[in-house]
Amino acid sequence: MAKITPTMTEFDCNPDVTSPIYSVQQALDGDVYKTIDVTAKVVNKENNKQPIVCKGKQLMKTKCVIADHTNTIALTLREDLIDAVDCGKTYKFKNVKIRSSNDMKYLTTNEGTTIHQDQDIHDINMDCEDISLSLNISKGKCISAKLKRELSCIACNACIKGIASDGMITCQNCQMTTLEENCSHKLVAHLMVLTAKGKVQSYTCFNDALQSFLASSNTNLKLIDTIDLDELKKLHLTSPAKQMIIDDMTKTITQFLL
């Protein structure tokens, strides 16, 4: 019989006095609503932020997947913490809360959460069945690439397409309007990938995935925001086949694995 847990809002924040350091497996085995610290690697992160209304306020959230040598678990990020993590990097997540939905444990940040980059974890375990079913890990080599930079919404991070009016531009995803000069830029790559099964597939990837590509390529090119596009294109075409996490619904590469 499934365990019934009390209903609480996702962004309630009542951190425990002490927060023990848990492994991912211990988090999966831990008590719901327990506040913990965990050190893990971000292996997948949704590209766009999702607007929600909580207690009468509009907030932004997104989901990622983190892993260590013991297991894999989903983590919900909110507000400023969304941009605090990149795919392929390891962090100490302090004061995150264990939650459960449909009998599946996950972690969520709150107002007391802090995130700090930590020493990289290489021997990650992707054996969590619920997570593995939602992640498509494939291997392939890039044989063709097209890269460009586009304006992106400062609220939800979606690419903005359209013409500015009087210096203002509205995001089609979240309908927020801002001055065009305040928009950030997103690096967009369209890649043709030859898979291990001999098929050619077309995928798109964005800043976080491209940052993880650099991390997996043993290169000194670290800053995705300022990298020369021709240099990055050549690196894609000359790199050996890599393992990738694929979103089949959007045909997006969300991360390149080491």
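**Surface patch.** I started with a nonpolar patch on the surface, made of Ile-143, Met-192, Leu-194 and Val-200, with about 310 Å² of accessible area together. Patches here take residues with over 30% relative accessible area and no salt bridge, joining like charges within 9 Å and nonpolar side chains (Val, Leu, Ile, Met, Phe, Trp, Tyr) within 5 Å. A salt bridge is a side-chain nitrogen of Lys or Arg within 4 Å of a carboxyl oxygen of Asp or Glu. Accessible areas come from the Shrake-Rupley method with a 1.4 Å probe, and for residues only the protein chains shown count as cover.

**A note on the model.** I am reading a predicted model, where local features need pLDDT of at least 70, side-chain atom pairs count only at pLDDT 80 or more, and totals for chains, interfaces and linings use all residues. Residues are numbered from 1 along each chain as its sequence is written, and side-chain values use heavy atoms, with hydrogens and water left out.

**Met-192.** I found Met-192 in strand β12. Its relative accessible area is 31%, so Met-192 is partly exposed; buried means under 20%, exposed over 50%, and partly exposed lies in between (1.4 Å probe, protein chains only).

**Whole chain.** I noted four helices and 15 strands in the protein chain; these are DSSP runs numbered from the N terminus, helices being H or I with at least four residues and strands E with at least two. Of the 258 residues, 47% are buried. The chain exposes about 13,600 Å², and carbon and sulfur atoms supply 49% of that. Among contacts (heavy atoms within 4.5 Å) with a separation of 6 or more, 62% join residues 24 or more positions apart.

**Helix α3.** Next I looked up α3, residues 207-216, where nine of the 10 residues are buried. Among them are Leu-210, Phe-213 and Leu-214. The buried residues of α3 pack against β2 (35-45), β12 (184-195), β13 (200-205), α4 (229-238), β14 (242-247) and β15 (252-256).

**Strand β2.** Which strands does β2 pair with? Pairing needs at least two DSSP bridges between two strands.

- β1 (residues 21-22) pairs with β2 in the parallel sense over two bridges, with Tyr-22 bridged to Val-38.
- β6 (residues 90-101) is antiparallel to β2 over six bridges, and Phe-93 stands opposite Val-38.
- β4 (residues 57-67) is antiparallel to β2 over four bridges, and Val-42 has Ile-66 as its bridge partner.
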